[in-house]
Amino acid sequence: MAKRLTCDVVVVGAGMVGAACALYAARAGLDVMVVDRGPVAGGTTGAGEGNLLVSDKEPGPELELALLSGRLWTELAQEVGDAIEYEPKGGVVVAATPEGLAALEDFAAGQRTAGVVAEPVAGDRLRDLEPHLAPGLAGGVRYPQDAQVMPTLAAAHLVRASGARLRTGWTVTGVLRTAHGTVRGVRTDHGEIHAPAVVNAAGTWGGELASLAGVRLPVLPRRGFVLVTEPLPRLVRHKVYAADYVADVASDSAALKTSPVVEGTAAGPVLIGASRERVGFDRSFSLPVVRALAAGATRLFPFLERVSALRTYVGFRPYLPDHLPAIGPDPRAPGLFHACGHEGAGIGLATATGHLIARALTGKAAERELAPFRPERFTTDEGNTA
């Protein structure tokens, strides 16, 4: 006989965003169940670097979300910092040419007006921060608010701390709705779960879950590779990346984009990114991409030429056309809440997303808080249907 369970809210997706939604909803007094067809952090979260960044965001809604998330991550770190390998190590963005540095400094000046701490670093002082950087760089900007967590540990800990009932290996096959269209739970391959609220935290598969509820959200996968080196002493102190990384993040192109991003980890290996391309859910290994990542990293840190890369992994960032996530209630399906489409920033933005979702679930969210992230903001011309 099929199981029938009840709760206040079903969170679909046990990645970092789903874990944060579960945590803050539970702390708001709701009975939460988390459902995922795979394990905790089995999707995009498990293929991430754990970045909590403000440095790559221009003034606007996403940066405001990142600043709120940073404060919430700091609070969580005071509770469980060691358990999630939280490192407030800061970021350093570097420019190779005077022209690139001028553009980077203009970008940083705008960020400062929005509350970001962005400290100019002259070219001859960069190696005070990162002794192993290549010589001859024009300069950079240091961002002390950037931090990092170990994403799989963090997601698992947030789910555990929430006290939510967790159902892994359960695939959602339908969203239950009343005759009037109101959401009343989900159907899974293990039975029905009845709840007045369903949170779509399905990441790259968020569009598929939305379609089960009769609405459309144009989430697309954007593939990225990460190279992982052998364990090393702490030779890279910050998250270090080239200034053109910001342009690659903001790009709408489906074509391959690579820009060097290098950072050490508490466990020792150095993580090397970043690539972006839209090729659907193709997981095949790409030697040209990995070579491009290695070449970019060694330009920044020449010592990496002598270091072995142990493995590479691939993940899919949930991309929405305007580069903003969908967060909040969907008026096309009352009772459905979206928390997806964060692209490569989901780890960093998870806490603020969970906080806003909990406020929306309990009727406390102000309309202006969620307005930039409205899930129904995409017009019919862009492929959405009500």
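How many bridges join β19 to strand β20, and do the two run parallel or antiparallel? Four bridges join them, and they run antiparallel.

The views below come from a predicted model, in which local features need pLDDT of at least 70, side-chain atom pairs count only at pLDDT 80 or more, and totals for chains, interfaces and linings use all residues. Residues are numbered from 1 along each chain as its sequence is written, and side-chain values use heavy atoms, with hydrogens and water left out.

**View 1. The six-stranded open sheet.** The strand order is β9-β3-β2-β13-β20-β19, and the pairing is mixed. Strands here are DSSP runs of E with at least two residues, helices are runs of H or I with at least four residues, and both are numbered from the N terminus. Two strands pair if DSSP finds at least two bridges between them. Strands of a sheet pair through backbone hydrogen bonds, either parallel or antiparallel. At the edges are β9 (165–168) and β19 (326–329), each of which pairs on one side only. From one strand to the next, the twist averages 20°. Such angles are taken between N-to-C directions and run from 0 to 180 degrees; the axes are lines fitted to C-alpha atoms, for helices over the stretch in contact.

**View 2. Two pairings within that sheet.** Strand β20 covers residues 336–340, and its Cys-340 is the bridge partner of Ala-326. Elsewhere, β2 and strand β3 (residues 32–36) run parallel and are joined by four bridges. Val-9 stands opposite Val-32 of β3. From strand β2 (residues 9–12), Val-9 and Val-11 point one way while Val-10 and Val-12 point the other way, and all are buried. Buried means under 20% relative accessible area, exposed means over 50%, and partly exposed lies in between (1.4 Å probe, protein chains only).

View 3. Strand β5 (residues 91–95) and strand β7 (residues 139–143) run antiparallel and share five bridges; Val-93 has Val-141 in β7 as its bridge partner. Contact means heavy atoms within 4.5 Å.

**View 4. Aromatic pairs.** Four aromatic pairs are found in a search of the whole structure. Rings of Phe, Tyr and Trp (its six-membered ring) pair if their centres lie within 6.5 Å; planes under 30 degrees apart count as stacked, over 60 as edge-to-face and the rest as tilted. The ring centres of Phe-225 and Phe-285 are 6.5 Å apart and the planes are at 85°, so this pair is edge-to-face. The two residues are 60 residues apart: Phe-225 is in strand β14 (residues 220–229), and Phe-285 is in the loop between β17 (270–276) and α8 (287–300). Phe-225 counts as buried because its relative accessibility is 2%. Phe-301 and Phe-303 also form an edge-to-face pair, 6.0 Å centre to centre with 75° between the planes. Both count as buried: Phe-301 has 0% relative accessibility, and Phe-303 has a relative accessible area of 9%.

**View 5. Arginines over tryptophan rings.** Trp-205 forms one aromatic cluster with Phe-281 and Phe-316. Over the ring of Trp-205 sits the charged end of Arg-37, 5.0 Å from the ring centre. The charged end of Arg-167 sits over the ring of Trp-170, 5.7 Å from its centre. A charge sits over a ring if NZ of Lys or CZ of Arg is within 6 Å of the ring centre and within 35 degrees of the ring normal.

**View 6. Thr-353 in helix α9.** Helix α9 spans residues 346–361 and contains Thr-353. Thr-353 is buried, as its relative accessible area is 0%. Apart from neighbours within four places in sequence, Thr-353 is in contact with Val-17, Cys-21, Leu-65, Ile-327, Ala-339 and His-342.

**View 7. Backbone details.** The peptide bond from Gly-273 to Ala-274 is cis, with omega near 0°, and Ala-274 lies in strand β17. His-323, in the loop between β18 and β19, is not a glycine but has a positive phi of about 65°.
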